Amino acid sequence: MINKSCLYLCVLMGSIGGSTMATAQTIPKMTVTTPGTAAPSFMDGFSKGNFYLGAAGAATFISPPNGFASALKARGGEHWHPGFAAGGVAGWAFSNGLMFDLAVVYAGNNANKITTANGPVRQTGTQGTLATLAEVYYTLPLPKLGINTMAIVPYVGVGFGPTWSHVRTKAYFADGSINRPHGNSGANFTYEVVGGFAFPIPGLKDTAGLLDYRYLGVVNATNLRQTFEPAGGGASISGPVVPSGYIAGHVIAIGISHSF
């Protein structure tokens, strides 16, 4: 799973400048916004090249992967309830709209069901994922495009890094058979694609609120295993939870970032 997020966090920096000018002494001073510039905004503290820290919480959603689900090795979708993720980041915001950070996130989901050719099968248990990601973001220069805004600053980003997943669940079939997904995945390569925006938090200087969407893909997660125990004490059958090794996740995250 993911999760990655897991699922999955974010910080950003912006580069928005301001311009003021004074007229002759007989005319009161005024602030003027010229084409291609913007008045000073809540993101000014991130436009000078600064170290920043951030934290976020997120809702996580795992796309049902096809997994080993029955004594006949029929594949069924592994379904999970929406989960929660939390983590933190530390990074550096450059003065050209780019930022780089390192993020550590933990995400967890409760099992829901397995869907098979014979219908859904009840499943209980949990899965969790710990992710460590290197992330790069770019804030979109709206003022340079002639769109002057002090309300939001959009950003896009990507991230890469290892994740570690664990699964402990049980699926109960109508005839009394039990399927037991279990185990630890080891380190799996994970990537994320991010899009979101920053917004001001009244009264907090050099601080931005963050809201974004993240798509995460976990690759080669083939070490998660499951064992099918047929009713009546027959021989058990083992196989991977996700034969393809690929798990996809969706994350809706909200957080905060402060520049020093």
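Visitor: How many salt bridges does the structure hold?
Guide: The structure holds five salt bridges, a salt bridge being a side-chain nitrogen of Lys or Arg within 4 Å of a carboxyl oxygen of Asp or Glu. This is a predicted model, in which local features need pLDDT of at least 70, side-chain atom pairs count only at pLDDT 80 or more, and totals for chains, interfaces and linings use all residues. Residues are numbered from 1 along each chain as its sequence is written, and side-chain values use heavy atoms, with hydrogens and water left out.

Visitor: Which residue forms a salt bridge with Glu192?
Guide: Glu192 pairs with Arg214, and their closest N and O atoms are 2.9 Å apart. Glu192 lies in strand E8 and Arg214 in strand E9 (residues 207-218), so the bridge ties together parts 22 residues apart in sequence. Strands (E, at least two residues) are DSSP runs, numbered from the N terminus.

Visitor: Is Arg214 buried or exposed?
Guide: Arg214 is buried, at a relative accessible area of 0%. Buried means under 20% relative accessible area, exposed over 50%, and partly exposed in between (1.4 Å probe, protein chains only).

Visitor: What about Asp212?
Guide: Asp212 also forms a salt bridge with Arg214, with the closest N and O atoms 3.0 Å apart. Both Asp212 and Arg214 are buried. Shared partners join Glu135, Glu192, Asp212 and Arg214 into one network of salt bridges.

Visitor: Changing topic, how many aromatic pairs are there?
Guide: There are six aromatic pairs. Among them, Phe160 and Phe189 are stacked, at 6.2 Å centre to centre and 20° between the planes. Rings of Phe, Tyr and Trp (its six-membered ring) pair if their centres lie within 6.5 Å; planes under 30 degrees apart count as stacked, over 60 as edge-to-face and the rest as tilted.

Conventions. Helix = DSSP H or I, 4+ residues; strand = E, 2+ residues; numbered from the N terminus.
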